[in-house]
Amino acid sequence: MIPFLDLKAQYASIKQEIDRAVLDVLASGQYVLGDEVARFEREFADYCETRHAIAVNTGTSALHLALLAAGIGPGDEVITVPLTFVATVSAICYTGAKPVFVDVEPVTLTMDPSRVEAAITPQTKAIIPVHLYGQMAEMDPINAIAERHGLAVIEDACQAHGAEYKGRRAGSLGVSGCFSFYPGKNLGACGEGGMVVTSNDEHAKTMRMLRDWGQEQRYHHVLKGFNYRMDGIQGAILRVKLRHLEAWTKARRDHAARYSSMLAGSTTVRPQVERADRRHVYHVYAVRCRDRATVQRSLQADGIQFGLHYPIPAHLQKAHADLGHRVGDFPVSEAAAHEMLSLPMFPEMSAKEIARVVSAVGQDAYVG
């Protein structure tokens, strides 16, 4: 079997470092936040080229706090895309604001800037572009629109650790950038975790309080906050993994280049496209299928795991039926939801495994 991702292989490759870091936290007694989390925050802020990083318990919490720090609340509207994991939309709803969707552009499947301005109303307060699959959205025009209308831009970078747009890191182009450290992410915890990065001092101060019950200091609660703190063990594990992230990213990019080369002549699938002004980090390698059911059956017959990201776009989820959308409202997202399939992608993959995946996708795709 070829797994979709192999977390056991990753752990085996750095086992001694991880075990030592965990044991050090256990010996320290700093199980919630603490020194290891604080060090990880500084290191991740440096990695993202921002002044601050605020560690939290999930990527969803990161989005929630970033929205609250930007002043988003009941009666407001936040523009985002329907082709995303539902957490993007849920975080907006947590604030009491209304999600407003715009469609994605057909090549990268990230927010289509040409559709944003028409969605702005007097209630619009923020835009959340989603850096889907590991490639950043077209940030310059999105930021220009936001500046004209006085809107906050919050990057959903939960799949884009280390991705770049015109030489700038994901998380550094909006007022805040939000990351998930769910185990399967490019930088994944051994459990849950998240982070908000920002260079806005006031937002950082607010989010640090909000994640810890709104405390300015112990038992001095100045805001109605949450228990969104990161565990010390996860902070220590993520510090270890951050040191390996660039090497893992290079491996992912090498694998993606091999996939794209071998699938270039395929009549079965269309490979991913990396824009020339971006650094794609390939959280997943998603292909567009002419007949997805047939590709699925072929992969399953050869013992190859795959993923579907995301088969039901957010505007058609039952949980958000109250928004009143119907099939046909966002045709590019809906087409992608029916056609996209994610092939195995993890740093420890071998060239032989990639060739076997390509062969299973369609013999006519193999070019050596």
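Residues are numbered from 1 along each chain as its sequence is written, and side-chain values use heavy atoms, with hydrogens and water left out. Because the model is predicted, local features need pLDDT of at least 70 and side-chain atom pairs count only at pLDDT 80 or more, whereas totals for chains, interfaces and linings use all residues.

Helices (H or I, at least four residues) and strands (E, at least two) are DSSP runs numbered from the N terminus. Helix 2 (residues 15-28) packs with helix 8 (residues 232-242) at an angle of about 150°, and their axes are 9 Å apart. Axes here are lines fitted to C-alpha atoms, for helices over the stretch in contact, and angles run from 0 to 180 degrees between N-to-C directions. The two helices, helix 2 and helix 8, are therefore roughly antiparallel; angles under 35 degrees count as roughly parallel, over 145 as roughly antiparallel, 65 to 115 as roughly perpendicular and the rest as oblique. Helix 2 and helix 8 cross in a right-handed sense. A crossing is right-handed if the near helix is turned clockwise from the far one by less than a right angle, and left-handed if anticlockwise. On the side of helix 2, the contact (heavy atoms within 4.5 Å) is made by Glu 17, Ile 18, Ala 21, Val 22, Val 25 and Leu 26. On the side of helix 8, Gly 232, Ile 233, Ala 236, Ile 237, Val 240 and Lys 241 take part. By class, the residues of this contact of helix 2 with helix 8 are nine nonpolar, one polar and two charged. Ala, Val, Leu, Ile, Met, Phe, Trp, Tyr, Cys and Pro count as nonpolar, Asp, Glu, Lys and Arg as charged, and the others, Gly among them, as polar.

Gly 232, in helix 8, is buried, with a relative accessible area of 0%. Buried means under 20% relative accessible area, exposed over 50%, and partly exposed in between (1.4 Å probe, protein chains only). Leaving aside neighbours within four places in sequence, Gly 232 is in contact with Val 25, Gln 30, Tyr 31, Val 32, Leu 33, Glu 36 and Val 37. The C-alpha atoms of Gly 232 and Val 37 are separated by 5.8 Å, although these residues are 195 residues apart along the chain. For Ala 9 and Gly 34, 25 residues apart along the chain, the C-alpha separation is 29 Å. Ala 9 belongs to helix 1 (residues 7-13) and is partly exposed, at 24% relative accessibility.

Two further helix pairs were examined. The axes of helix 4 (residues 59-69) and helix 7 (residues 201-210) come within 9 Å and cross at roughly 130°, which makes helix 4 oblique to helix 7. The crossing of helix 4 and helix 7 is right-handed. Leu 65, Ala 66, Leu 68 and Ala 69 of helix 4 meet His 203, Thr 206, Met 207 and Leu 210 of helix 7. These residues of the contact of helix 4 with helix 7 comprise six nonpolar, two polar and no charged. For helix 9 (residues 245-262) and helix 12 (residues 351-361), the axes come within 10 Å and cross at roughly 35°. Helix 9 also passes helix 12 in a right-handed crossing. His 255, Arg 258, Tyr 259 and Met 262 of helix 9 make this contact with Ala 351, Ile 354, Ala 355, Val 357 and Val 358 of helix 12.

A nonpolar core is a set of buried Ala, Val, Leu, Ile, Met, Phe, Trp, Tyr and Cys residues joined through side-chain atoms within 4.5 Å. The largest such core has 56 residues, and those with the most contacts inside it are Phe 40, Phe 44, Ile 79, Leu 109, Phe 179, Phe 181 and Met 195. Elements that each supply at least two residues of this core include helix 3 (35-48), helix 6 (139-149) and helix 11 (331-339). Helix 3 gives the largest share, six residues. Apart from this core lies another, of 25 residues, among them Leu 263, Val 269, Tyr 282 and Val 361.

Tyr 133, in the loop between strand 4 (124-127) and helix 6, is buried, with a relative accessible area of 3%. Tyr 133 has a positive phi of about 65° although it is not a glycine. The peptide bond from His 309 to Tyr 310 is cis, with omega near 5°.
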